Amino acid sequence: MFEAMLSVFRPAILFPWLLSMAFGVLIGGTPGLTATMGVALIIPVTYYMEPLAGMAMILGVSFTSIFTGDIPATLLRIPGTPASGAATLDGYELTKQGRGMEALSLDLLCSAIGGFIGILLLMAVAPPLAKFALKFTNFQYFWLGIFGLSMSAVLSAGKPLNGVLSATLGLLVSTVGMDITTGLPRFTGGNVELLEGIGFIPAMVGLFGLSEVLKNVGDAKLLGKSSIPEFGRISLLRTLKIILRNKMTVLKASLLGTCVGALPGAGADIAAWVAYGMEKKTSKNPEEFGKGSIKGVIAPTSANNAALGGTWIPALVFGVPGDSITAIVLGAMLMYGLRPGPLIFQENLKLVHGIFAVGLISQFLLIPVGLIGIRIFGKILRMPRNIVMVIVLIFSVIGSYAIRNSFFDIYIMAAFGVAGFFFEYLDIPLPPLILAIILGPMIEDNLRVGLIKTHGGFGEFIFDPICLTLIFLILFVFFGGSVMKFFRRNKME
């Protein structure tokens, strides 16, 4: 392993690796562009490189873009990537209190710590965790999707009932397009552009980006002012002290994020919401969440970067992608002439150790690269609000168009922007809606395939031990707070 650490500092690996991390800053900080897109864009560049250099670029851009997605989420309440959705809650509230730099410093260091823990767990427990992940079939994935959605619906700011309403609307939107099972069009109105469904990226950009522009345009007094309040200076030493006071939150969220990431199809966005939800439900002061809670910042950002390490567990050990990024990675490995699966630990152990080394060192490199990203975006967003809103609008249009090179996606973005604007006035939270659009196809597909397997019976969905565990967790999300309050009240009496 020590030899692997030394080998990655060769110029042929180090230079493209650092360039990919710089590219990740741009990808993550631009609303609408995702870590998956960043990885997909650099794959052709890696074709003529040695495999380890290609893997270093993939890891560099994915870790960096997941972190920098928190920058616009924290400063403007616009997630740079889907995994940054939870950062729009407490991170943005801290920015409004003039503590934006404190939130971003926590994001940066907790991302690095979470990623480091995720890679360590990848190295230590890959085979047993991957074996557990393979026990998940359609029945378990259905409940996993419901669990992730219930976390978002109940734990978003505002009334839980409004969160459930938002999630339900998102599930309805996710049904538009080609029927997953029959292949027939649904709710398309004869529009061929809707056959692929409503893309979650244009919807997310509209809900969080354009709605924010419309809200600011409606208040002429704000347009000449700075787009964000004073957000302080970076003090890594002070941030470290805060992290040490909340070390158990970092550890719990990182472990949870890695475990969720190891489940194929789950990914960093679900990991962030699950960690946020667990932290709020087990907190002694749950009322602080959504109002600028430090733990509300630490939990999701530790989990989403840790989840990236987790997604490599099934990818390396069994050749099963943990998320969309590792799905591209598996294709890249085949392009390099490698065969992911159990034999890779015997046939290409040196490469595997190199990947582990790159993953660990990337967390240390993330800190200086992330600080540069914070300073750059911080200066841009300190400009007058009217200029920043124009920039947000331009990137919203570009980010929506770039996914499928479709003008129709720009119209989708505009429609969701207007809807998001009115939802905010009605106190309907936006994160559950966008997460439902993402998880809707997964939930529906696993429900229908599972019912086909059981000939319409629900027994396998209910009486399986893993399913029962997930059902218990879902009930805990909805009713756990009330039950814990009841027991605390009795204990005090």
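I start with helix H12, residues 247-261: at 1.5 Å a residue its 15 residues should span 21 Å, and the end C-alpha atoms are 21 Å apart, which agrees. The expected span here is 1.5 Å times one less than the number of residues. Helices are DSSP runs of H or I with at least four residues, strands are runs of E with at least two, and both are numbered from the N terminus.

Some housekeeping. This is a predicted model, where local features need pLDDT of at least 70 and side-chain atom pairs count only at pLDDT 80 or more, while totals for chains, interfaces and linings use all residues. Residues are numbered from 1 along each chain as its sequence is written, and side-chain values use heavy atoms, with hydrogens and water left out.

Back to H12. Its buried residues are Thr249, Val250, Ala253, Ser254, Gly257, Thr258, Val260 and Gly261. They cover an arc of only 165° around the axis, so they sit on the same side of H12. That arc is taken from the directions from the helix axis to the C-beta atoms. Buried means under 20% relative accessible area, exposed means over 50%, and partly exposed is in between, with a 1.4 Å probe and protein chains only.

H12 packs with helix H13, residues 267-281, at an angle of about 140°, with the axes 9 Å apart. That makes H12 oblique to H13. For the classes, angles under 35 degrees count as roughly parallel, over 145 as roughly antiparallel, 65 to 115 as roughly perpendicular, and the rest as oblique. Axes are lines fitted to C-alpha atoms, for helices over the stretch in contact, and angles run from 0 to 180 degrees between N-to-C directions. On the H12 side the contact is made by Thr249, Lys252, Ala253, Leu256, Gly257 and Val260, and on the H13 side by residues including Ile270, Val274 and Met278. Contact means heavy atoms within 4.5 Å.

The second pair is helix H2, residues 11-29, and helix H4, residues 51-68, which pack at about 30° with their axes 7 Å apart. H2 and H4 are therefore roughly parallel to each other. Among the residues that meet are Trp17, Met21 and Phe23 in H2, and Leu52, Met57 and Val61 in H4.

Now single residues. Phe208 lies in helix H10, residues 200-217, and is buried, with a relative accessible area of 2%. Leaving aside neighbours within four places in sequence, Phe208 is in contact with Arg77, Ile78, Pro79, Thr88, Leu430, Pro431 and Ile434. The C-alpha atoms of Phe208 and Phe416, 208 residues apart along the chain, are separated by 8.9 Å.

Val125, in helix H7, residues 100-133, is partly exposed at 27% relative accessibility.

Which residues have a positive phi although they are not glycines? Asp427 does, at about 60°, and so does His455, at about 55°. Asp427 lies in the loop between helix H19, 407-425, and helix H20, 431-453, and is partly exposed, with a relative accessible area of 42%. His455 is in the loop between H20 and helix H21, 459-463, and counts as exposed at 76% relative accessibility.

Last, the whole protein. There are 22 helices and two strands. Of the 493 residues, 57% count as buried. Of the contacts with a separation of 6 or more, 78% are between residues 24 or more positions apart.
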